[in-house]
Amino acid sequence: MLKTSAVAIFALSASFGARAMPVFKVVTDTAVICATAADLHVATLSPGAPLPATCKQVEAGFAFEALNRSAAYDWPDDVTKTDLLIYGRELAGANESGAPRYINILRSAAAPVLDQQGLPVEAKCDYPHTFVTNSLRAGPDGKLYLKQGKVTIKCVNGEMRQTYQPLN
């Protein structure tokens, strides 16, 4: 019973957690992306001024994974105005080993990438994840033993791969 329950819980958590988000791309000639909505607001108010430290300018075609397509930033000096944003993260590359880089971009500067049927394209790869699994196993003597393993999920050649390494 214990093994069946653990397998069912793991299968349920894996099916709910592994969902890619739609890919968007910049459709204007250039756009500014920033780590925070406040910095993006400052950057868009004064386009000729130097960009804040968390911002950079990207060209048309820059693609990213959209996590929240209905984000907004209320202007601090005028509560009647709001910047409509997309909150997302840069796409994970093949053999990615780093942490995600989260961004904010004006909604008017980006559009979803669609396939030939007109459906949104999802990111093929995600950033790597590593976690430890624990399970109790009954030995031949009737005692319970803790079995641990490290699971690593990462993108290899454009596909997500899972590896298991026993720890004991």
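This is a predicted model: local features need pLDDT of at least 70, side-chain atom pairs count only at pLDDT 80 or more; totals for chains, interfaces and linings use all residues.
Trainee: Which side chain meets E65 in a salt bridge?
Mentor: R89 does, with 3.1 Å from N to O. A salt bridge here is a side-chain nitrogen of Lys or Arg within 4 Å of a carboxyl oxygen of Asp or Glu. E65 lies in strand 4 and R89 in strand 5, so this pair ties together parts that are 24 residues apart in sequence. Strands (E, at least two residues) and helices (H or I, at least four) are DSSP runs, numbered from the N terminus.

Trainee: How many salt bridges does a search of the whole structure find?
Mentor: The search turns up 5. One of them pairs the side chains of K56 and E90 at 3.6 Å, N to O. That pair links distant parts of the chain, with K56 in strand 3 and E90 in strand 5, 34 residues apart.

Trainee: Are K56 and E90 buried or partly exposed?
Mentor: One of each: K56 is partly exposed at 39% relative accessible area, and E90 counts as buried at 14%.

Trainee: What does E90 touch?
Mentor: Leaving aside residues up to four places away in sequence, E90 touches I33, K56, F62, F64, R101, I103 and Y127. Contact means heavy atoms within 4.5 Å.

Trainee: What does K81 pair with?
Mentor: K81 forms a salt bridge with D78, and their closest N and O atoms are 4.0 Å apart. Both ends are partly exposed: K81 at 39% relative accessibility and D78 at 24%. Elsewhere, salt bridges that share partners join K56, E90 and R101 into one network.

Trainee: Switching topic: how many disulfides does the structure hold?
Mentor: It holds 2, a disulfide being a pair of cysteine sulfur atoms within 2.5 Å. C34 and C55 form one, with their sulfur atoms 1.9 Å apart. That link is right-handed, with 110° about the S-S bond. C34 lies in strand 2 (residues 30-34) and C55 in strand 3 (residues 55-59), so the pair ties together parts that are 21 residues apart in sequence. C34 is buried at 1% relative accessibility, and C55 is buried at 11%.

Trainee: And what does C125 join to?
Mentor: C125 is joined to C155 by a disulfide, S to S 1.9 Å. The torsion about the S-S bond is about 40°, so this disulfide is right-handed. C125 sits in the loop between strand 7 (110-112) and strand 8 (129-138), C155 in strand 9 (residues 144-156), and the two are 30 residues apart. C125 is buried at 9%, as is C155 at 1%.

Trainee: Which residues touch the most other members of the largest nonpolar core?
Mentor: F62, F64, I86 and I105 do, out of 13 residues in that core. Strand 1 (23-26), strand 2, strand 4 (63-74) and strand 6 (102-106) are the elements giving it two or more residues. There is also a second, separate core of 8 residues, including A37, A71, Y73 and L85. A nonpolar core is a set of buried Ala, Val, Leu, Ile, Met, Phe, Trp, Tyr and Cys residues joined through side-chain atoms within 4.5 Å.

Trainee: What's the overall pattern along the sequence?
Mentor: The protein chain reads α-β-β-α-β-β-β-β-β-β-β-β, which comes to 2 helices and 10 strands. Of its 168 residues, 25% count as buried. Among contacts between residues at least 6 apart in sequence, 54% join residues at least 24 apart.

Notes:
Residues are numbered from 1 along each chain as its sequence is written. Side-chain values use heavy atoms; hydrogens and water are left out. Buried means under 20% relative accessible area, exposed over 50%, partly exposed in between (1.4 Å probe, protein chains only).
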